[in-house]
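My entries follow in the order in which I made them.

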Amino acid sequence: GEYELLLGSPQTPAPHYEIERIRQTILTVPSAPADCGPLEENPEYSAAHGMLSAAGTQKTLLWAVLILAVLLLAGLTLRSARNLPPKPPGEA
């Protein structure tokens, strides 16, 4: 269906969502207990494989750039703090 976003109109009624219309149906559906087995490791999952995927590579690169930027800014801050002339006694 079509949707419109209305902003700043106090006369406009509150929106109604599709899930609201079937809420009572959802609440009346009986639940069933889950039949879960023991927890096991997933043999097809590999953390290294996740890091080598496109998304993993991007995350790793982002963290590397952020860490490098923090180290660079910390180094520049320390360097500029060392180069400040000492304050004369009695100044705050």
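Entry 1, burial. I looked up how much of the protein is buried and found that buried residues make up 1% of the 92 residues. Buried stands for under 20% relative accessible area, exposed for over 50%, and partly exposed for the range in between, with a 1.4 Å probe and protein chains only. I note that this is a predicted model, in which local features need pLDDT of at least 70 and side-chain atom pairs count only at pLDDT 80 or more, while totals for chains, interfaces and linings use all residues. Residues are numbered from 1 along each chain as its sequence is written, and side-chain values use heavy atoms, with hydrogens and water left out.

I find 4 helices and 0 strands in the protein, in the order α-α-α-α from the N terminus. Helices (H or I, at least four residues) and strands (E, at least two) are DSSP runs, numbered from the N terminus. The protein is more spread out than a compact globule, because its radius of gyration is 29 Å, well over the 12 Å that the globule rule gives for 92 residues. That radius is taken over C-alpha atoms, and the rule is 2.2 Å times the number of residues to the power 0.38. The C-alpha trace spans about 80 × 55 × 30 Å along its principal axes.

I recorded 6 positive and 9 negative side chains, with Lys and Arg taken as positive, Asp and Glu as negative, and His and the chain ends not counted. My search of the whole structure returned 1 salt bridge, that is, a side-chain nitrogen of Lys or Arg within 4 Å of a carboxyl oxygen of Asp or Glu. Glutamate 18 and arginine 21 form a salt bridge at 3.9 Å, N to O. Both residues lie in helix H1 (residues 18–21), 3 residues apart, about one turn of the helix. Glutamate 18 is partly exposed at 41% relative accessibility, whereas arginine 21 is exposed at 65%.

Which residues make the nonpolar surface patch of about 550 Å²? I list Leu62, Trp63, Leu66, Ile67 and Leu71. Isoleucine 67 sits in helix H4 (residues 54–82) and is partly exposed, at 49% relative accessibility. Proline 86 belongs to the segment after H4 and is exposed, with a relative accessible area of 75%. I also noted 21 Å between the C-alpha atoms of proline 86 and alanine 74, which are 12 residues apart along the chain.

Note on methods:
The place of a charge is taken as NZ of Lys, CZ of Arg, CG of Asp or CD of Glu. Patches are made of residues with over 30% relative accessible area and no salt bridge: like charges are joined within 9 Å, nonpolar side chains (Val, Leu, Ile, Met, Phe, Trp, Tyr) within 5 Å. Accessible areas come from the Shrake-Rupley method with a 1.4 Å probe; for residues, only the protein chains shown count as cover.
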